[in-house]
Amino acid sequence: MTSPTSSATPSTPAAPRPTETTAVGAPPATAPRPAPFAPVGRIPVVEVSPVIEDGRWPAKGTVGEAFPVRATVFREGHDAVAATAVLVTPDGRDHSWAHMVDIAPGLDRYEAWLMPDAPGTWGFRVEGWSDPYGTWRHDASIKVDAGVDVELMLTEGALLLERAAARDLPAAAAQVLRDAVAGLRDAGRPAPARLAAGTAAEVRAVLAEHPLREMVSPSATYPVQVDRERALVGSWYEIFPRSVGAHRDAATGEWVSGTLRTAADGLGRIAEMGFDVVYLTPIHPIGMTNRKGRNNTLEAQPGDPGSPYGIGAPEGGHDAIHPDLGTFEDFDHFVARARQHGLEVALDLALQASPDHPWVTEHPEWFTTRADGSIAYAENPPKKYQDIYPLNFDNDPEGIYNAVRDVLEVWVAHGVTIFRVDNPHTKPLSFWQRLLAEFRQKHPDVLFLAEAFTRPAMMRTLGAIGFHQSYTYFAWRTGKQEIGEYLMELAFETDARLRPAFWPTTHDILTPYMQQGGANAFAIRAVLAATGSPTWGIYSGYELVENVARPGAEEQIDNEKYEYKERDWSRAPSLGIADLLGRLNAVRRAHPALQRLRNVHIHPTDDDQILCFSKRLTAEQSPTGREDTVIVVLNLDPYTTRETLLHLDLGALGIAGDPHAPWPVMAASDELGGETYLWGSDPFVRLDPHSRCAHILSVRPL
């Protein structure tokens with residue numbers, strides 16, 4: 001980014017300062033144009049959300065998921081104001097509207113929920129307006145009760161409702177208003193009765209549906225990028241294809257790699273557990289130069305397959321398949337089998353190169369040459385990755401862009417619909433914004449997941465510029481308070497920028513909690529991941545409770561990144577985790593409330609190791625047309641039985657009446673165990689992590 005010099009005139013582009021540099025081949029740096037001046041509306045509408053960078057980037061939306069629109073709306077004096085949120089289709093038509101409600105009395109903060117029903121770049125606006133009926137109802141109620149200007153107030157109310165009834169309304173609605181006018185004008189009735197005719201519930205209902213709006217003042221229309229539902233909702237299962245079917249040769253004792261065909265044979269087991277995305281780590285040729293050995297040793301031994309992230313060999317690069325895995329015909333077979341099982345295929349995109357990658361010889365300018373003439377390998381001190389060279393996007397940005405785009409096109413043509421992007425935070429955001437925009441236009445069904453465990457600003461901005469999903473800090477959030485706060489942050493603070501994916505472990509991550517807690521910890525974190533986020537993922541071997549770490553590292557020993565891993569799946573039933581994963585995915589499919597992000601509510605408990613939260617969808621927001629409410633109660637302690645009272649917010653559960661009802665007001669049916677409990681506002685629970693670490697309860701008011 002360059003800055004104008006002080007001598008530049010308005011009509012002359014500024015040159016870079018002598019001490020600044022511009023990337024080779026990059027377009028001249030330009031600053032975004034400021035928003036043009038706009039006069040304040042007659043009814044001011046300010047602080048609108050969700051809006052990213054003043055509307056230069058779209059907020060996130062998903063087909064079938066309602067999103068909240070908020071704004072501050074006020075006016076001079078004491079007359080009543082109201083606000084409407086309007087949803088605008090990609091072709092500029094008004095799709096639907098919702099009356100906004102005051103969510104912070106005294107602060108003039110209004111909210112409504114809108115729900116798009118197709119992919120595309122939608123928009124929304126907020127319309128502030130003067131509410132003459134609200135003003136009259138407020139004033140008339142006070143004056144008539146005090147005996148001040150009684151006849152005048154009743155007459156003004158009748159005139160107002162006559163005007164409202166004269167509009168183009170449904171016949172029944174117009175009749176309600178005309179009846180109210182007659183009641184207001186009936187001088188033979190007491191004044192309070194006449195007032196009641198004009199303020200009756202049925203009158204208010206008609207004017208809520210067909211408001212009488214004056215001085216309508218619209219905000220700008222702000223963009224919302226709406227993606228298909230898989231961008232929000234999914235159950236991922238990660239595999240290293242070379243391990244599926246890998247075995248030692250009986251005669252030589254040497255490893256024989258699994259193939260795409262043997263990996264395809266294992267898809268049935270994944271589908272039976274209810275997963276809908278199978279994610280493949282890189283399947284490309286692996287370099288020999290500086291190849292890593294077992295457990296990340298610097299020297300590979302004969303037979304060590306190397307890290308699949310050391311991409312590139314004489315056989316090809318990112319657009320090729322490792323010969324041990326098979327051919328593109330085999331890959332097409334894998335994709336076809338996956339689709340038969342109801343699975344989408346996600347592929348790792350790792351933009352780095354082995355020293356043996358064809359790019360290194362064909363385009364040495366794409367890398368960083370050090371003072372001694374060597375090419376710099378990847379480092380994240382103290383970590384060193386001697387087997388890969390990072391791309392230098394400043395040397396030939398256009399060439400690198402075209403190459404990466406062409407690689408992606410190859411895999412999209414062969415049926416890949418999702419890319420898990422490795423370390424996107426180490427590449428320029430301008431590169432991602434351009435690439436993601438192009439693919440959103442050309443292949444709107446193709447999704448990108450950002451694997452970026454880094455600073456919050458980077459993670460949020462990656463989501464804001466176009467990544468559909470994002471890895472999160474979930475793996476390291478283990479305490480009750482921090483988990484609750486994180487669920488609320490993701491649902492209500494960052495929801496317009498990023499969609500979270502919860503992974504208890506990955507091939508890179510094995511936290512101390514998972515290392516120490518055994519099968520109970522694996523069960524607890526699976527329940528939390530599956531219910532806390534619409535998208536969650538499991539790394540192969542989770543069913544076998546693979547929890548032994550490499551000394552000094554938060555990753556597994558004998559890591560699959562550096563060797564084949566032959567697993568004995570016959571052990572899984574005795575551990576119970578595979579069965580739990582299947583039940584969790586079944587519960588998620590049965591409950592649309594668990595498939596949404598912006599609907600979580602934390603409920604207090606008396607025990608610091610028992611977490612309770614709920615997710616609720618109203619009938620209007622539910623794809624089934626029926627209200628859906630789920631309560632999750634989870635013992636976070638993998639060692640000890642815990643018991644506590646829950647303190648349920650009945651309003652958040654959609655249960656009307658006494659908010660502190662000690663008597664039964666709901667039937668809570670456990671989706672894991674099958675029991676049904678009759679609960680009031682403060683039920684008792686007892687959870688033994690060795691047998692039942694959690695309740696996942698569907699709720700029905702009594």
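A residue counts as buried when its relative accessible area is under 20%. The model shown in these views is predicted.

View 1. Helix H14 covers residues 512–532. Of its 21 residues, 17 are buried, so the rest of the structure largely encloses the helix. The end C-alpha atoms of H14 are only 21 Å apart. A straight helix would reach 30 Å at 1.5 Å a residue. H14 bends by about 130° at glycine 518.

**View 2. Phenylalanine 124 and tyrosine 222 form a tilted aromatic pair.** The whole structure holds 27 aromatic pairs. In this one, the ring centres of phenylalanine 124 and tyrosine 222 are 5.9 Å apart. Their planes meet at 40°, so the pair is tilted. Phenylalanine 124 sits in strand S8 (residues 120–130), and tyrosine 222 in strand S10 (residues 222–227). The pair therefore ties together parts that are 98 residues apart in sequence. Phenylalanine 124 is buried, at a relative accessible area of 0%. Tyrosine 222 also counts as buried, at 18% relative accessibility.

**View 3. Six residues make up one aromatic cluster.** The members are Trp236, Tyr279, Phe453, Tyr471, Trp476 and Trp503.

**View 4. Arginine 434 lies over the face of tyrosine 401.** The distance to the ring centre of tyrosine 401 is 3.7 Å.

**View 5. Arginine 525 lies over the face of phenylalanine 474.** Here the distance to the ring centre is 4.2 Å.

Key:
Residues are numbered from 1 along each chain as its sequence is written. This is a predicted model: local features need pLDDT of at least 70, side-chain atom pairs count only at pLDDT 80 or more; totals for chains, interfaces and linings use all residues. Side-chain values use heavy atoms; hydrogens and water are left out. Rings of Phe, Tyr and Trp (its six-membered ring) pair if their centres lie within 6.5 Å; planes under 30 degrees apart count as stacked, over 60 as edge-to-face and the rest as tilted. Helices (H or I, at least four residues) and strands (E, at least two) are DSSP runs, numbered from the N terminus. Buried means under 20% relative accessible area, exposed over 50%, partly exposed in between (1.4 Å probe, protein chains only). A charge sits over a ring if NZ of Lys or CZ of Arg is within 6 Å of the ring centre and within 35 degrees of the ring normal. The expected span of a helix is 1.5 Å times one less than its number of residues. The bend at a residue is the angle between axes fitted to the seven residues ending there and the seven starting there.
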